[in-house]
Every structure is written in C-alpha cells, then in structure tokens.
Amino acid sequence: MLGPALDQAIDLLVPRGRCAVLAYHSGEDRIVKDRFRSAETGGCVCPPGLPCVCGAKPVVRLLRRGARKPSAAEVASNRRAESARLRAVEKLPPGDEAA
C-alpha cells in the first residue's frame, strides 16, 4: 500500500513540488528508497555507468543523497526517534531532465 501511495503522491506533485516521507521501520524505508530511486531514474533499466538507451526520463530529483537521521540529542530525548529516516524528492518540470 505504501509503494502505490508514493507513486500517486509523486504524480500529483506540481513542478518543483516536494514530497517528504518519514519512515519509522527499515521495511518502510526500503520501499520509500526504491520508489524514489525509480522516479529519479525514470525507471531506467540500462546498466549502471552506461548511457541510457531505454528512453527513460527522470520525474524527480533527490533533495539529499541517503536518508536524514535524527540527531544524538533528539535520540537522547526520545529513544523511539532512533529508527526514523527522512527522505525527500522534488518534482522536475517537464523537459528538465538535467536538473
């Protein structure tokens, strides 16, 4: 259910709109990471390091590589925050694949 909801959220974004997801479980974070990566590459299936020949177009750009984790101070004040991971993307304007 999370994967299709992320796809729909990205589709509904206006150009330069942002989508941020806070995951509290490693399984959730994996789904978010995979969906954001797929949107970032446009679903390209070409081998890494080679030019894309499949015609995939990126839909979003990652705002930060990797997940943002809570600070040590936040974890000290709230132990449950330790597993939280924040990931965010920004939707690209049409025809702006290089942004």
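A residue is called buried under 20% relative accessible area, exposed over 50% and partly exposed in between, with a 1.4 Å probe and protein chains only. By this criterion, buried residues make up 26% of the 99 residues in the protein. The structure is a predicted model, in which local features need pLDDT of at least 70 and side-chain atom pairs count only at pLDDT 80 or more, while totals for chains, interfaces and linings use all residues. Residues are numbered from 1 along each chain as its sequence is written, and side-chain values use heavy atoms, with hydrogens and water left out.

The C-alpha trace spans about 50 × 30 × 25 Å along its principal axes. The accessible surface, from the Shrake-Rupley method with a 1.4 Å probe and, for residues, only the protein chains shown as cover, comes to about 6700 Å². Carbon and sulfur atoms account for 55% of that surface. Of the contacts (heavy atoms within 4.5 Å) with a separation of 6 or more, 65% are between residues 24 or more positions apart.

Three helices and three strands are present, in the sequence pattern α-β-α-β-α-β. Helices (H or I, at least four residues) and strands (E, at least two) are DSSP runs, numbered from the N terminus. The strands form an open sheet in the order β1-β3-β2, with antiparallel pairing; pairing requires at least two DSSP bridges between two strands. Strands β1 (18-23) and β2 (60-62) are the edges, each pairing on one side only. On average, neighbouring strands of the sheet are turned by 25 degrees against each other, direction ignored. Axes are lines fitted to C-alpha atoms, for helices over the stretch in contact, and angles run from 0 to 180 degrees between N-to-C directions. The antiparallel strands β1 and β3 are joined by six bridges, and C19 has V89 in β3 as its bridge partner. Helix α2 (residues 26-41) packs on the sheet and touches β1, β2 and β3, its direction making about 20 degrees with that of β3.

Within helix α2 lies E40, which counts as buried because its relative accessibility is 19%. Leaving aside residues up to four places away in sequence, E40 touches P58, V60, L62 and R65.

L86 belongs to strand β3 (residues 85-91) and is partly exposed, with a relative accessible area of 35%. Together with L22 and Y24, L86 makes a nonpolar surface patch of about 290 Å². Patches comprise residues with over 30% relative accessible area and no salt bridge, like charges being joined within 9 Å and nonpolar side chains (Val, Leu, Ile, Met, Phe, Trp, Tyr) within 5 Å. A salt bridge is a side-chain nitrogen of Lys or Arg within 4 Å of a carboxyl oxygen of Asp or Glu.
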